[in-house]
Amino acid sequence: MSDLKKYWNEELETQSWDAVERWQMSQIAQALPGLRQRSSMYTELHSKLPADLQLRTLFDLQKLPFTFKSDIRQAQDAASETEPLGRNQAADTANIVQCISSSGTTGQPLYYGLTQADVERFTDAIAHTWFTAGLRPGDVVAHLVGLPMVAGGLPYADGFRRVGAMLCWLGGFPTERILREMRRLRVSALLATTSFGLHLADQWDEVGAQMGIPSALRLVMCGGEPGLNQPEIRNRITDGLGIAHLRETMGLGDVISSMWSECEAEDGMHFNAQRYVAIELIDPSTGEQKPWREGDTGEIVYTAFARDATPVVRYRSRDHALVVGTRCACGRTSPRIRCIGRTDDMLIYKGMNVFPTAIRDLVAQRFTGQIEPMLRLWKEQADQVRFDHPIAMDVEASTPLNLPQAQQLGLAIEDEVRAQLQVRVTVHVLPPGTLPKSAYKTSLLAVRDLTETQHPVP
């Protein structure tokens, strides 16, 4: 495997970020007039903007309104025979060669069209992301997303092939077969969700011993769920799979399926789609733009300035990020982030704001070896945000426990969460292997069926 090429696009990746943003703004200013003519959704959203509006710097983007998921959904609901993708369809159906869907983890799936040029842009940006994460020509990569139509399906596969890796699309097979085929095919790289990576790590050595085939795995890329900021979770995956390289990745199907990934420093994800997408960091409560400054947090906003079929301008991702750094020893100049939760997943317990990921990170850190790193919080209804009573929470024991042991562990977790986060939870300790694990996204939040009985402790 040759590793002579260090960057996917050296000129763009090593240029000063200010210069990148200036170039992006010139592209956005050129693209907007035509976009408003092609998309009736943006004709309406931008109808009140002055005719002489000038966009010269990234700061000027604040003159444009945000695009919300609800705008996209309403536009999609207005689908017609000539515009099956709705009022944001900005290209003739005859020129759209692919339709992809969002995961639907936060509601009804949204659909996006791609022209052939859009497919090329997606493929290049996603390949750029995999390359930053360490994938190289000659790698044999296991692709575990089972559904081709979702944003992480065929677009990911196209990206793997563009890098020059051998694609082994194992998504959809039972876990045991995935593990066996990875050994048999001498898989050297793996893409999985964080929770599924943990699940595979627990069985990797056992299957290897049964087959007698040594592991060729060297690189694991995890995304779809926050969690790799926790050393306990990273160590479980690296130790269980026997690898030295674990890289976090992230994207957004509404924009481009994968746009962020860690480099060899493994300390925050670089942005890799700067050739096609501009990014802003905003205060989610005020909407005001914030600088990409180390230690700052905010919501990421995307503008896809090179998108034909279903464009998005100042799209509110609801992904809440911590800026880890703005410089890196690898030479890349794009900001580095950790995703610390979704703004629309924020819960309010008696006036106290808390991300589900904050609860998960605390519990995973303080109770390492006693519970598994992934957990589940329960809502009584899908739109519930406020809680006046303790939040119901399921955790999974690492080893079988009797009833008194489970109760004692549950109380200890409740006390720790209350002491550190000022939030009360009611903990149900479940037997090992109880919580669902998916090769695609697994939400930390679930809606309880009130007709069901409470989860019993083991």
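Contact here means heavy atoms within 4.5 Å. With that in hand, among contacts in the protein chain between residues at least 6 apart in sequence, 69% join residues at least 24 apart.

This is a predicted model, in which local features need a pLDDT of at least 70, side-chain atom pairs count only at pLDDT 80 or more, and totals for chains, interfaces and linings use all residues. Residues are numbered from 1 along each chain as its sequence is written, and side-chain values use heavy atoms, leaving out hydrogens and water.

**Confidence**

The pLDDT is the predictor's confidence in each residue, from 0 to 100. The protein chain averages 89, and 93% of the residues score at least 70. Over residues 450–458 the pLDDT is below 50, although this stretch has 20 contacts in the model beyond near neighbours in sequence.

**The whole chain**

Helices (H or I, at least four residues) and strands (E, at least two) are DSSP runs, numbered from the N terminus. The protein chain has eleven helices and 21 strands. Its radius of gyration, taken over C-alpha atoms, is set beside a globule rule of 2.2 Å times the number of residues to the power 0.38. The value of 22 Å is close to the 23 Å that the rule gives for 458 residues, so the chain is as compact as a globular protein of that length. Along the principal axes, the C-alpha atoms fill a box of roughly 70 × 55 × 45 Å.

Two strands pair if DSSP finds at least two bridges between them.

| Element | Residues |
|---|---|
| Strand E17 | 371–379 |

E17 and E21 pair in the parallel sense over three bridges, and Lys379 stands opposite Val447 in E21.

**A buried aspartate**

Asp296 lies in the loop between strands E11 (289–290) and E12 (297–304). Asp296 is buried, with a relative accessible area of 15%, where buried means under 20%, exposed over 50% and partly exposed in between (1.4 Å probe, protein chains only). Not counting residues up to four places away in sequence, Asp296 touches Leu281, Lys290, Pro291, Ala321, Leu322 and Val323.
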